[in-house]
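Morning, everyone. Please look at the screen, and I'll walk you through a few places in this model.

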Amino acid sequence: MAKVFDAAEVAKHNTRESCWVILYGKVYDVTDFLSSHPGGAKIILKLAGNDATEEYDPIHPPGILEEELKPEACLGSVDANTLPKEETPAASQEPAQGPPPMENLLNLNEIEDVATKQISHKAWAYYYSASDDLVTKQINTEAYRSILLRPRVFVDCSRCDLDTSVLGYKLKTPIFVAPAAMARLGHPSGEAGIAEACRSFGAMQIISNNASMTPEQIVKDAAPDQVFGWQIYVQIDRKKSEAMLARINKLKAIKFIVLTLDAPVPGKREDDERNSLAGASTAVTSGVKAAERTADDTPDVTGGSGGVGQQLFAGTDPSLTWRETLPWLAKHTDLPIVLKGLQTHEDAYLASLHAPQVKGIILSNHGGRALDTAPPAVHTLLEIRKFCPEVFDKLEVYVDGGIRRGTDVVKALCLGAKAVGLGRPALWGLAAGGPDGVRRTLQILADESKTCMRLLGVETVDALGPQHTNTRMVENQIYDGPSNLGSLRHSLRAKL
């Protein structure tokens with residue numbers, strides 16, 4: 001018969017020598033797991049002897065307990081009557097108001113406002129936060145405002161079609177969900193809820209390496225023609241990444257791999273870190289603190305408070321190179337490779353030299369969450385057009401970051417983007433109304449995009465081009481130094 005523990009008895013086991021936690025009403029001895037936890041023992045010890053369920057559940061995929069802990073680690077259950085009861089302030093005893101009908105929300109800012117009122121402060125801090133002074137996060141959106149459109153008249157605009165294709169797969173919209181971690185922080189349906197919304201829209205979804213559900217759970221109910229990509233952060237322990245790639249290779253719904261390059265180390269996200277300072281924060285599946293390389297390639301956990309964003313990067317390898325990483329990747333998957341996080345025309349050009357293994361690039365600055373004052377994706381898009389437009393003939397180019405209106409979507413497509421990604425807006429939509437909130441987010445952008453195209457006098461996505469935009473105001477912000485392409489060609493030939 002399973003033993004039933006008093007919560008007070010569990011509370012005594014709060015040291016490195018004897019560390020117990022309560023999860024989902026069961027008592028676990030995680031003492032032996034402390035030394036092997038990817039992010040170190042400190043984050044677990046914060047919750048030692050306590051009920052960690054509320055902190056643990058939103059950011060861990062179901063089933064991870066069984067994968068990480070031996071069966072004997074489960075000691076029994078806890079007597080629920082002995083758990084401390086939180087007193088609810090009288091002022092907050094009134095029934096909480098739920099979100100308004102999603103159809104009443106008219107734009108993405110309104111969806112974000114509703115979401116902010118629905119979620120915990122920890123979830124808000126992680127979703128909202130960006131690096132340093134949030135300059136890049138702000139410019140990501142403002143850059144699109146500096147590009148003007150050039151509508152034509154006396155053009156039949158009775159029909160408009162958003163159909164497109166990515167890597168040869170047909171999509172109903174050029175708007176896709178970019179890899180955004182920890183969806184269950186905002187809503188229990190998590191990344192599977194986003195997948196449900198994408199299914200009804202014929203939209204593509206890139207699954208985050210740090211998703212709060214397993215890839216198998218996310219694609220479980222996918223439509224036969226639904227398109228997914230899977231994001232990878234290469235780990236210092238390459239065997240972990242290789243094992244994950246082997247899993248991904250077996251999932252038919254996942255059509256390509258997205259190698260993320262714009263955050264080899266985490267940025268300083270102060271809203272996220274400040275929330276961590278306010279209270280305990282449970283470890284996430286990828287680790288806890290920012291890990292740095294040491295002489296023997298083992299994670300060296302740094303000090304500081306960290307936050308959810310910092311936790312996600314523990315164990316990530318910051319030493320990736322063109323010469324070594326792509327050949328390694330080719331050994332472990334035959335899936336097409338998309339490189340995410342390119343922010344200069346030089347890197348876009350180098351990526352094009354690695355076709356056909358590399359099929360596409362995502363111009364991205366990690367949503368302003370890595371290097372503050374890095375350029376917005378639309379600037380990099382214009383930079384490529386200026387210095388090496390041949391890249392568009394060799395690779396598919398996508399952008400993400402700052403998309404808040406259908407006009408933003410159309411401007412990116414006019415300038416050469418094949419598709420446009422949403423990160424935070426998908427999470428805000430999910431937090432505001434679950435899968436219906438994500439559907440509403442996609443619907444708003446699709447309707448606005450169609451309206452924009454009709455007013456431009458354009459029927460199809462393929463017919464959009466630079467002639468439909470005026471980029472004069474933004475061009476003075478584009479890099480105007482030397483192209484550097486000659487030296488890159490010479491260097492590449494020397495290496496080969």
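Which residue in β4 is the bridge partner of V27? G76 is the partner of V27 there. This is a predicted model, where local features need pLDDT of at least 70, side-chain atom pairs count only at pLDDT 80 or more, and totals for chains, interfaces and linings use all residues. Residues are numbered from 1 along each chain as its sequence is written, and side-chain values use heavy atoms, with hydrogens and water left out.

Back to the strands. Strands are DSSP E runs of at least two residues, helices H or I runs of at least four, both numbered from the N terminus. β3 (residues 26-29) and β4 (residues 74-78) pair antiparallel over three bridges; pairing takes at least two DSSP bridges. The open sheet has four strands, ordered β1-β4-β3-β2, with mixed pairing. At its edges sit β1 (3-5) and β2 (20-23), each pairing on one side only.

Next, two helices. α17 (residues 406-414) and α18 (residues 424-456) pack at about 60°, axes 7 Å apart. Axes are lines fitted to C-alpha atoms, for helices over the stretch in contact, and angles run from 0 to 180 degrees between N-to-C directions. Contact means heavy atoms within 4.5 Å. From α17, the contact uses G406, T407, V409 and V410; α18 brings L445, E448, S449, C452, M453 and L456.

Last stop: M244, in helix α10 (residues 238-249). Is M244 buried or exposed? Its relative accessibility is 18%, so M244 counts as buried. Buried means under 20% relative accessible area, exposed over 50%, partly exposed in between, with a 1.4 Å probe and protein chains only. Beyond neighbours within four places in sequence, M244 contacts P215 and W230.
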